[in-house]
Amino acid sequence: MFFLGIRRRFIFLEISEKCSDLLSNIRESSTVSHINSKHVVSKSRSRCLIDSEIRSKRSEGHRLLSTTPTPTPTSTPTPAPEPRKTCLYDLHVENRGKIINFSGWLLPVQYQEAIAASHQHTRTFASLFDVGHMMQTHVSGKNATDFLESLTTCDLKNLNKGCAVLTVFTNKNGGILDDLIITKTDQDKYFMVTNAGRRDEDSKLLRQQQEKFKAQGKSVNLEFLNPLEQSLVALQGPTAASVLQSIMKIDLKKLKFMNSVETEVLGSQIRVSRCGYTGEDGFEISMSENIARKLVEMILNTPDTKLAGLGARDSLRLEAGLCLYGHDINEEITPVEAGLTWLIAKRRRVEANFPGAQTILSQIKRGPGKKRIGLTIVHGPPAREGACILTPEGERVGKVTSGGPSPTLGRSIAMGYVPSELAQPGGGILVEVRGKTYKATVTKMPFVKTNYYVGK
């Protein structure tokens, strides 16, 4: 009855609004091109079509006024690259996953049940997400620590072996180039997971910095793992630990949040990291393609464990108040403005030797001009990305960056940016949806209490 009620209450999550608006908000950090190319055209594509039509009409006008024939172009546009598949693509199809093109990857947005039901299942039991499209990289060498610190705001010199840290690549102006997790696997050895939608930019950034270090006679090695050879899955939810423990020899009670360990399963070495993107306890498992499907099937054969797609992952991370790159954070937003000041390690603040340090440290001292806030909308439709945020008097002061219904809370929630003086939790504010304004309350995040495992 509970899930039937959820389904009735949030049925629009599964239908057109969710499958168009929500998909523009999905994580990892990137945008969805289309759900079905026959029916849905992305905004950028729409603009291209409009611009092409205008250019065509202008050209036609010029031809009518000219007595000189216009030569027909012989060049053809470069076709878009074929979308890629993860190691588990066939598994998704066999389980009737609804496949979309997400950042150039064919991934399931959901399976047979509604996104809201899958969301609630993750909050109650455990769900398995395929995140194999994300970029996995090994960084090693005598100068690997200095190399990574030259691009990020974290303190790797004081990071213990087996520990992981969330950090950001920043530019010279303090803007966020990407958010990522770095794990110290050994002395001068690191394992890094970055966003799929920033694969090209991140790999270019890393290679350019590597060349600078090598030019100085320093040792840095980069190994970009092939996503068709190395799978990555996320097992998330309250029962995730007991599910994984049933097929692991290591004692997972000793593995705390943001810690990582290598172990052997099915005759192959895998990496198990206690982290995730849902706000629940959970794990990310990096493993060879050779055993990926078998290990996933072992996990799914445990009680109350299901596959989940990008739709549930997005609504879960929104409830947890977690940022999505390209939406809530980007190259023009600093960690301080995004409410991520804690990502600037104390030692790095003192040394002030990370990209954009002057801007970021100034904002820490004086305060930023704008801040990311959470919004709760009790009555009215969801405020999606791009919706205007207004003062109670009706002045437009900001934009929503992520938003949608919260299956857990039974109301709509959103994130966005407003001037710092309006960012106080509890304050009243307005959001504009389809030309109408609705009352909202500035809300402290996370919207739903997180359940990360820190040991007992």
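**Sheet order and strand pairing**

Me: In what order do the six strands of the open sheet lie, and what kind of pairing is found?
Reply: In this predicted model, the order of the six strands in the open sheet is 12-13-14-11-5-15, with mixed pairing.

Me: What makes strand 12 (260-265) and strand 15 (305-307) edge strands?
Reply: Strand 12 and strand 15 each have a single partner strand, so one side of each lacks a neighbour in the sheet. From one strand to the next, the twist averages 25 degrees.

Me: Why are strand 5 (residues 126-130) and strand 11 (residues 230-236) called paired?
Reply: Pairing requires at least two bridges. Strand 5 and strand 11 share four bridges in the antiparallel sense, so they are called paired. Within this pair, Leu128 has Leu235 of strand 11 as its bridge partner.

Me: How do you know that helix 9 (residues 289-300) packs on the sheet?
Reply: Contact means heavy atoms within 4.5 Å. Helix 9 touches strand 5, strand 11, strand 12, strand 13 (268-273), strand 14 (282-288) and strand 15. The direction of helix 9 makes about 145 degrees with that of strand 14.

Me: What joins strand 21 (residues 436-443) to strand 16 (residues 370-377), and what joins strand 20 (residues 428-433) to strand 21?
Reply: Three bridges link strand 16 and strand 21 in the antiparallel sense, with Thr443 of strand 21 as the bridge partner of Gly374. Strand 20 and strand 21 also run antiparallel, joined by six bridges; here Ile429 has Ala440 as its bridge partner.

Me: How many residues lie between the strands of the hairpin formed by strand 20 and strand 21?
Reply: Two residues lie between strand 20 and strand 21, and Arg434 in the turn has a positive phi of about 55 degrees.

Technical notes:
Residues numbered from 1 in each chain as written. Predicted model: local features only at pLDDT ≥ 70, side-chain atom pairs only at ≥ 80, totals over all residues. Heavy atoms only, no water. Axes fitted to C-alpha atoms, helices over the stretch in contact; angles between N-to-C directions.
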